[in-house]
Amino acid sequence: MPSATAHGNHHSPNPSSKSSNANRNRQNQFSDRRQKILQQRKSLPIASVEKRLVDEIRKNDILIIVGETGSGKTTQIPQFLLGAKFCHDGKAIGITQPRRVAAVTVAKRVAEECGVELGQEVGYSVRFDDTSSSSTRIKYMTDGLLLREALLDPYLSKYSVIIVDEAHERTVQTDVLMGLLKSVQLARSNSASHGQGLNFGNKSVNSVTSLEKENSGQSNGFLKKDHQYAPLKLIIMSASLDARTFSEYFCGAKAVHVQGRQFPVDIFYTRHAEPDYVDAALITIFQIHLEEGPGDILVFLTGQEEIENIERLINERLTKSTKESQKLLIVPIFAALPSEQQLRVFAPAPSGFRKVILATNIAETSVTIPGIKYVIDPGLVKARSYDPAKGMESLNVVPTSKSQALQRSGRAGREGPGKCFRLYPENEFGKLEDSTKPEIKRCNLSNVILQLKALGVDDILGFDFIDKPSRAAIIKSLEQLFLLGALTDECRLSDPVGCQMARLPLDPVYSKALILASQFNCLEEMLITVAMLSAESIFYAPRDKLDESRTAMKSFSSPEGDHITMIKVYRAYSEFLEKKSIEMGKAKCEKALRKWCKENFINSRSLRHACDIHRQILGHVQQMGLSLASCGDDMLEYRRCLAASFFLNAAVKQPEGTYRALASGQVVQIHPSSVLFRQKPECVIFNELVQTNNKYVRNLTRIDYLWLTELAPQYYAVQN
Ligand code: CDP
Ligand code: MG
């Protein structure tokens with residue numbers, strides 16, 4: 001790998017010129033930074049065991065590497081392997097992450113460490129954003145993305161090594177990926193004439209054999225015999241010290257432990273339960289800032305909306321405080337943050353300032369942020385939960401597990417002794433679950449099943465899951481896919497609908513909505529809808545400005561519901577953008593846009609994210625040849641299309657004003673943020689169920705009840 005040698009001592013033709021001085025300055029800065037990075041790399045705990053690790057990886061086809069967060073696993077191990085020539089014959093090292101932010105920020109960091117341009121030797125690839133190229137040798141990506149690559153390249157033949165990182169997180173995609181990699185590895189080593197000895201026990205051989213049987217006759221050639229593939233190295237990396245589950249799953253694979261560096265962390269609890277943890281967090285931030293020594297603060301919050309809310313509250317309070325106590329730098333980090341802003345969390349605060357990082361649980365183990373001495377942990381996390389009987393998935397804020405709480409407090413002690421403030425009483429800690437239940441056991445599986453079917457795995461119940469989801473959940477999800485037309489009577493992927501759905505990197509119902517929209521001549525509108533629904537919290541309404549925000553929203557809100565309202569906002573934004581960028585140029589236009597968003601109580605970050613997603617999905621549907629038409633002002637067709645797509649999420653008004661979700665029978669209410677909150681139409685479709693004290697539905701559109709039997713007879717003609 002080329003390494004930059006900018007020492008600022010090149011011969012300069014005109015040393016006295018101003019520009020060459022500036023140049024030299026820049027070069028000096030550059031080389032200072034490289035020196036510093038080199039030093040940092042050398043001082044990481046993992047640096048001292050490089051040789052041993054590389055040897056172990058050479059000796060073992062599957063290796064489990066366990067190491068505390070911050071020891072250098074994610075950034076260093078791929079570089080060790082590249083240096084030790086694991087990328088023979090132009091093959092690459094793939095490293096998967098459960099979170100896109102981690103994939104992106106780590107790739108940027110490693111590109112810098114290697115002194116190469118991002119997208120060359122080091123790159124990343126995540127849904128809706130790809131910087132990798134044919135010269136990429138170290139590729140960071142999300143686990144979901146690697147699963148998608150397997151659709152086109154079932155043997156993952158581009159890779160010589162695949163590292164599954166953050167395996168302890170046990171996201172659905174990580175679990176499915178591990179199952180897939182297990183069989184890909186076996187298939188590749190079987191195909192190689194010099195068949196490497198693999199450590200597979202009977203169980204996995206059987207499961208792979210059954211996969212082989214299922215696949216015979218499949219067009220994707222999952223186990224084509226006429227090819228020879230080089231063996232694949234697998235590395236599973238985890239920050240949880242318990243490697244047993246992984247080792248057992250990979251038939252007794254060896255696990256090695258990388259020692260971390262952990263200083264003592266003092267844990268503080270509140271005396272009583274806090275009724276308002278946002279307020280408690282705010283108070284704690286200022287208490288630390290005013291009373292404690294230097295060091296940055298990391299606050300764990302549950303999502304973008306909450307983070308942005310606290311960000312505003314802190315800023316409000318800062319404007320009222322004295323000059324000296326103002327020296328706080330607030331940096332948010334969450335998944336939908338534009339990628340150029342994500343790197344801000346890693347930059348040190350200006351001298352005299354204290355950094356406050358407002359993070360989702362992404363900062364628990366996925367990204368290591370230097371400089372943290374104080375952690376504030378309200379003890380909550382947003383998690384998926386699924387009720388197979390009702391077929392409903394929802395996102396709920398729930399208590400963390402003990403192991404999450406420990407990971408969080410550990411973040412305070414990486415560089416020196418630290419403090420962690422848990423915003424709950426000590427006896428609550430004892431009541432927490434030891435560890436988090438794998439996501440696959442608490443989510444709707446239709447996406448996973450669609451992916452597996454597309455990979456040629458037909459026997460879902462027989463798939464070698466590390467933790468098997470319940471039979472009820474599998475069957476319910478199969479039923480949903482069948483109702484969406486993705487599966488045939490024989491439970492195979494239907495052609496073209498099921499195949500098209502599997503190609504789109506979206507939730508199956510959204511994919512179906514796009515496919516249907518091309519028939520209803522409203523694909524333009526549906527693309528906007530799906531993009532807006534995929535970005536979190538487009539609107540914000542601070543509590544003290546509810547009326548103002550309602551008035552601002554009036555110009556966009558549609559009596560038909562939230563979906564059309566979102567389309568209007570998107571279009572107004574695009575028009576404004578187009579007009580202003582011609583009028584005033586890029587930089588000024590950005591500012592004008594932010595102002596426009598602020599005035600309209602729209603979250604400019606989220607809207608930009610939605611535009612990004614829109615551009616990407618547009619690319620996909622164009623490739624698929626769907627007809628891109630607009631229904632113009634005829635929103636009736638569009639609403640009918642919503643009904644045809646989201647019929648599983650229909651609800652009717654009951655006499656007392658609540659709603660009954662038709663598929664599940666649950667009693668729900670319209671979320672106060674909906675434009676239909678006051679109107680209460682007879683029948684609606686919705687996109688989201690949120691559960692707080694009540695069950696709320698969000699993102700609604702008014703529909704005609706009779707459309708359901710007309711447009712979704714497969715469900716309503718029989719059932720209701
Ligand atoms: O994966 P693991 O938690 O073991 O550690 P890592 O992510 O490889 O991080 C190693 C070091 O790199 C940490 O000290 C981070 O502070 C640093 N790092 C950074 O400065 N900037 C990044 N974008 C990523 C990591
Ligand atoms: Mg890591």
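Two helices, α3 (73-83) and α4 (100-114), each put at least two residues into the shell around ligand 1; helices here are DSSP runs of H or I with at least four residues, strands are E runs of at least two, and both are numbered from the N terminus. The model is a predicted one, where local features need pLDDT of at least 70, side-chain atom pairs count only at pLDDT 80 or more, and totals for chains, interfaces and linings use all residues. Residues are numbered from 1 along each chain as its sequence is written, while chains are lettered from A and ligands numbered from 1 in the order in which they are written.

The biggest giver to that shell is α3, with four residues. Of the 16 residues around ligand 1, Lys73, Thr74, Thr75, Arg109 and Pro370 come nearest (near meaning a C-beta atom, placed from the backbone, within 6 Å). Domain 1 (45-190 + 224-258) and domain 2 (265-440) each supply at least three residues to the shell, with bounds taken from an automatic or database domain assignment.

Elsewhere, Lys327 sits in the loop between α10 (304-320) and β11 (328-333). Leaving out residues up to four places away in sequence, Lys327 touches Gly352, Phe353 and Arg354, contact being C-beta atoms, placed from the backbone, within 7 Å. From Lys327 to Pro350, the C-alpha to C-alpha distance is 9.3 Å, across 23 residues of sequence.

Methods. Contact = placed C-beta atoms within 7 Å.
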